[in-house]
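Biologist: I've got a new model open and I'd like to learn how to read it feature by feature. Could you walk me through it?

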Amino acid sequence: MISMPYPPILRLHQVTCQFSRHTQPAVCAISLSLQPGDLLALLGPSGCGKTTLLRLIAGFEPLQDGTVEIAEQRVSGEGAWVPPEQRGVGMVFQDYALFPHLTVRQNIEFGLSDR
Ligand SMILES: Nc1ncnc2c1ncn2[C@@H]1O[C@H](COP(=O)(O)OP(=O)(O)OP(=O)(O)O)[C@@H](O)[C@H]1O
Ligand SMILES: [Mg+2]
């Protein structure tokens with residue numbers, strides 16, 4: 001396979017997240033690299049750390065070890081911390097909240113009303 005000339009859009013190096021000293025890390029030394037246009041699917045049993053890894057990338061969770069780079073900028077790790085709103089990452093939450101008394105259109109408009 002010919003290596004792509006593009007720099008990675010996302011690079012994780014040895015990313016580790018441990019919620020408590022008394023438990024196993026939720027995410028343990030994960031490394032991966034994505035080119036622009038790549039699609040990545042995380043598969044695994046409940047509790048294996050899929051959501052935690054996405055939250056680490058988006059900046060909703062601090063990591064204890066490793067680094068996250070987005071478009072070659074370090075956003076987490078080794079002293080770096082870019083807040084979620086400055087990462088340019090979109091995330092659809094697993095447990096999202098919709099207003100049951102509003103239509104789909106009204107639910108979407110509710111979040112956009114500030115803009
Ligand atoms: N905020 C938190 N505080 C403490 N432990 C947490 C927290 N969030 C997740 N965990 C633990 O981290 C581990 C990974 O959870 P995570 O939600 O990332 O799993 P998942 O792969 O997304 O599971 P599912 O398929 O059920 O969505 C689990 O043991 C979970 O209990
Ligand atoms: Mg999950």
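Predicted model: local features only at pLDDT ≥ 70, side-chain atom pairs only at ≥ 80, totals over all residues.

Biologist: What holds strands together in a sheet, as a general idea?

Modeller: Strands of a sheet pair through backbone hydrogen bonds, and the pairing is either parallel or antiparallel. Here, β1 and β2 run antiparallel and are joined by five bridges. Five bridges also link β1 with β3, again in the antiparallel sense.

Biologist: Which residue in β3 is the bridge partner of L12?

Modeller: That's V68. From L10, the bridge goes to I70 in β3. For C17, look over at β2, where V27 is the bridge partner.

Biologist: And how do the elements follow each other along the sequence?

Modeller: The pattern is β-β-α-β-β-β-α, which comes from two helices and five strands.

Biologist: Let's do a helix next. How do I read which way its residues point?

Modeller: An α-helix has 3.6 residues a turn, so residues three or four places apart point the same way. Now take α1, residues 50-58: its buried residues are T52, L53, R55, L56 and I57.

Biologist: What do those buried residues of α1 pack against?

Modeller: Four strands: β1 (10-17), β2 (27-34), β3 (65-70) and β4 (73-77). Just after α1 comes G59, with a positive phi of about 90°.

Biologist: Which residues touch the most other members of the largest nonpolar core?

Modeller: That core has 13 residues, and V15, C17, V27, I30, L53, L56 and V68 touch the most other members. β1, β2, α1 and β3 each give two or more residues to this core.

Biologist: Why does E72 count as exposed?

Modeller: Because E72 has 10 C-beta neighbours inside 10 Å, and a residue with 12 or fewer is exposed. A71 has 13 other C-beta atoms within 10 Å, so A71 is partly exposed.

Biologist: What surrounds ligand 1?

Modeller: The shell consists of F19, A26, G44, S46, G47, C48, G49, K50, T51, T52 and Q94. Sorted by class, that's three nonpolar, seven polar and one charged residues. Notice that T52 is also among the buried residues of α1.

Biologist: Last thing, the overall shape. What radius of gyration does the protein have?

Modeller: 17 Å, whereas a compact globule of 115 residues would be near 13 Å. The C-alpha atoms fill a box of roughly 45 × 45 × 30 Å along the principal axes. Buried residues make up 17% of the 115.

Biologist: And how should I read the contacts along the sequence?

Modeller: Look at how far apart the partners sit in the chain. Among contacts with a separation of 6 or more, 49% are between residues 24 or more positions apart.

Terms used. Residues numbered from 1 in each chain as written. Chains lettered and ligands numbered in written order. Buried ≥ 20, exposed ≤ 12 C-beta atoms within 10 Å, placed from the backbone. Contact = placed C-beta atoms within 7 Å. Near = placed C-beta within 6 Å. Nonpolar A, V, L, I, M, F, W, Y, C, P; charged D, E, K, R; others polar. Pairing = 2+ DSSP bridges. Core = buried A, V, L, I, M, F, W, Y, C linked by C-beta atoms within 7 Å. Rg over C-alpha atoms; globule rule 2.2 N^0.38 Å.
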